[in-house]
Amino acid sequence: MKSVIIFASTHHGNTKKVAEYMAEGLSADLIDITRDKNPDISAYDLVGFASGIYFNSFHEAIKNFVTHTAFCGNQKVFLAATCGVAYMDYTRGIKKILAQKNVPCVGSFQCQGYDTYGISGKLGGIAKGHPSQQDLEKAKRFAMNLI
Ligand SMILES: Cc1cc2nc3c(=O)[nH]c(=O)nc-3n(C[C@H](O)[C@H](O)[C@H](O)COP(=O)(O)O)c2cc1C
C-alpha cells in the first residue's frame, strides 16, 4: 500500500512531528502543503491529512486541497490534528467535506500541541511539552493500525 501524509504545521512544528512519526510507521511520503500547494496524489492508496488547528479548523491550504481535489476511486483518507485545547473533535469539518465527496475516512487522530498563540503565549503557553513522546508513539501506532 502506497501512502502519503500531507501536512500543514505553521505554529511550532507540532503537527510535523506527529506526521513524521506516522510516516515512519507507514513508510509514507511526506508533503508540506504550505510549500507544495497542489501535490499529485494519484499514485497513493492511502492519503493522510495532518494539520495544526487554527481557529477551530484545519489549515486553509488543506481545506482547499481536500475541497478541490478529485480523489481516485479506491483511495482512502485519514486525518490527524494537533491543538492547544482538545475540547472537541477538530477533524469534523474535513470529515464533512470528504463525506460530501464520497471519500472514505478510515480514521482520525488528535492530540495536543504546544500553543503560544494570543494571550496564552504571554502566560507560558498551553500544552507545553506536547506532542510528548507518548503522543508520538500513539500517533505511530494509530497509523500502523490503518494498514
Ligand atoms: C493562529 C492560531 C490559532 C489557533 N487556534 C486554535 C484553536 O482554535 N483551538 C485549539 O485548540 N488550538 C488552537 N491553536 C493552537 C494550535 O492548534 C496548536 O498549537 C497546534 O499544535 C499547532 O500546530 P503546528 O505547530 O503544527 O502548527 C491555534 C494556534 C494559532 C497559531
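The sulfur of Cys105 is too far from any other for a bond, because the closest cysteine sulfur, in Cys83, is 16 Å away. Cys111 is in no disulfide either, its nearest cysteine sulfur, again that of Cys83, being 7.4 Å away. A disulfide here is a pair of cysteine sulfur atoms within 2.5 Å, and by this rule the count is zero. Cys105 is partly exposed at 30% relative accessibility, while Cys111 is buried at 7%. Buried means under 20% relative accessible area, exposed over 50%, and partly exposed in between, with a 1.4 Å probe and protein chains only.

Two notes on the source. This is a predicted model, in which local features need pLDDT of at least 70 and side-chain atom pairs count only at pLDDT 80 or more, while totals for chains, interfaces and linings use all residues. Residues are numbered from 1 along each chain as its sequence is written, and side-chain values use heavy atoms, with hydrogens and water left out.

Now the ligand. Which residues come nearest? Of the 21 residues around the ligand, they are Ser9, Thr15, Ile53, Tyr54 and Thr82, where a residue counts as near if one of its heavy atoms lies within 4 Å. Helix 1 (14-26) and strand 4 (76-83) each supply at least two residues of that shell; helices (H or I, at least four residues) and strands (E, at least two) are DSSP runs numbered from the N terminus.

Oxygen atoms of the ligand lie 3.0 Å from a polar backbone atom of Gly13, 2.9 Å from a polar side-chain atom of Asn14, and 2.9 Å from a backbone N or O atom of Val85. Taken alone, the ligand exposes 650 Å², and the protein buries 90% of that, by the Shrake-Rupley method with a 1.4 Å probe.

On to the backbone. Most residues other than glycine have a negative phi, and most peptide bonds are trans. Phe55 has a positive phi, near 50°, and Asn56 has one of about 70°. Where is Phe55 placed? Phe55 is in the loop between strand 3 (46-52) and helix 2 (60-68), and Asn56 is found in that loop too. Phe55 is exposed at 68% relative accessibility; Asn56 is partly exposed at 45%.

A cis peptide bond joins His130 and Pro131, with omega about 0°. Pro131 is in the loop between helix 4 and helix 5 (133-144).

Last, Gly113. Gly113 lies in the loop between strand 5 (105-112) and helix 4 (119-122) and is buried at 3%. Gly113 and Lys17 are 96 residues apart in sequence and 9.9 Å apart in space, C-alpha to C-alpha.

Note on methods: Polar contact = N/O pair within 3.5 Å; in protein donor to acceptor, adjacent residues only side chain to side chain.
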